[in-house]
Amino acid sequence: MMKNVKLLSLVMVVALVLMGAAYAAWSEDITINGNVQTGYLDTVFTAAASNDTGTTVDPGKTIDAGRTEVPTVIGADGVKDFEVAVTNGYPGYNATVDYTIKNNGTIPVRVTEVVDKAGNDAELSLTSTLAANTVIAPGATYDASVTHAVTDAAQQEQTYHYKVTIIAAQAAQ
C-alpha cells in the first residue's frame, strides 16, 4: 500500500509539473504603449487700426479735432492686448478701432473681449462687434471692432486711454 501511495504521489507531482509547463507554453504578455500630445492655446491680436488718426474729418462730423491712435506696436508674432489713446476728444466724438484676432494654437478657442477703461467709465462709452461665445478654429482669424464715444462727463485737455484684451479658453466640443 505504501508503494501505491508513493507511486500516486510521484504521478501527481509529474502531472502538476506538466500542467505548469503547458500553461507556461500557452501564456503571453501584452504591453500597450501610448503617446498623448495635448494641444495649446495661443491667441493674439495681429492688427489694430483706428478710423480717425487725426488727419481727416472726425467720423460723422464736419470738423477735424479729435484723434484716436493705437500706440501699441503689433509685430509678426502678435500681441496679447493693445492700448487705444483718444486725444482732443469732445462730447459726441466717436471713432472705431478695427482689429484682427488670430488663433495660433492647435485647438479651437472661445474668445471674450475685455476692455479696461482705466478708470474712464464715465468719460467713454464703448461698443464692440465681437459676438458672445465667438469660436476661432486653429490657424483662423476673426475681425472685430470696438467703437468709443466721448460722453458729456469728459474733461477738457484730457487724453483718455483704454486697453483691449482677449481672453481665450478651450472651446468645448
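Biologist: Why is valine 14 called partly exposed?

Modeller: In this predicted model, valine 14 has a relative accessible area of 43%. Buried means under 20% and exposed means over 50%, with partly exposed in between. The value of 43% therefore makes valine 14 partly exposed. The residue is found in helix 1, which covers residues 2-26.

Biologist: What makes Leu7, Leu10, Val11, Val14 and Leu18 a patch?

Modeller: These residues form a nonpolar patch on the surface, with about 480 Å² of accessible area together. Nonpolar side chains such as Val and Leu are joined within 5 Å, and a member needs over 30% relative accessible area. Valine 14, at 43%, is therefore above that limit, and so is leucine 18, at 57%.

Biologist: How do you know that aspartate 42 and lysine 80 form a salt bridge?

Modeller: Side chains of opposite charge can pair when their charged atoms come close. The distance from N to O between the side chains of aspartate 42 and lysine 80 is 3.2 Å. The cut-off is a Lys or Arg side-chain nitrogen within 4 Å of a carboxyl oxygen of Asp or Glu, so the pair qualifies as a salt bridge.

Biologist: Which parts does this pair tie together?

Modeller: Aspartate 42 lies in the loop between helix 1 and strand 1, and lysine 80 lies in the loop between strand 2 (67-69) and strand 3 (81-87), so the pair ties together parts that are 38 residues apart in sequence. Aspartate 42 has a relative accessible area of 25% and is partly exposed; lysine 80, at 47%, is partly exposed.

Biologist: How many salt bridges does the structure hold?

Modeller: The structure holds two. One of them joins the side chains of glutamate 69 and arginine 67 at 3.3 Å, N to O. That distance is within 4 Å, so the contact meets the definition. Glutamate 69 is partly exposed at 35%, and arginine 67 is partly exposed at 31%.

Biologist: What does the side chain of asparagine 103 reach at 3.0 Å?

Modeller: The side chain reaches the backbone oxygen of isoleucine 107 at 3.0 Å.

Biologist: What makes strand 1 and strand 6 edge strands of their sheet?

Modeller: Four strands form an open antiparallel sheet in the order 1-4-8-6. Strand 1 (43-50) and strand 6 (124-128) each have a single partner strand, so one side of each is left without a neighbour in the sheet.

Conventions:
Residues are numbered from 1 along each chain as its sequence is written. This is a predicted model: local features need pLDDT of at least 70, side-chain atom pairs count only at pLDDT 80 or more; totals for chains, interfaces and linings use all residues. Side-chain values use heavy atoms; hydrogens and water are left out. Patches are made of residues with over 30% relative accessible area and no salt bridge: like charges are joined within 9 Å, nonpolar side chains (Val, Leu, Ile, Met, Phe, Trp, Tyr) within 5 Å. Accessible areas come from the Shrake-Rupley method with a 1.4 Å probe; for residues, only the protein chains shown count as cover. Helices (H or I, at least four residues) and strands (E, at least two) are DSSP runs, numbered from the N terminus. Buried means under 20% relative accessible area, exposed over 50%, partly exposed in between (1.4 Å probe, protein chains only). Two strands pair if DSSP finds at least two bridges between them. A polar contact is a pair of N or O atoms within 3.5 Å; within protein, one must be able to donate a hydrogen and the other to accept it, and residues adjacent in sequence count only if both atoms are side-chain atoms.
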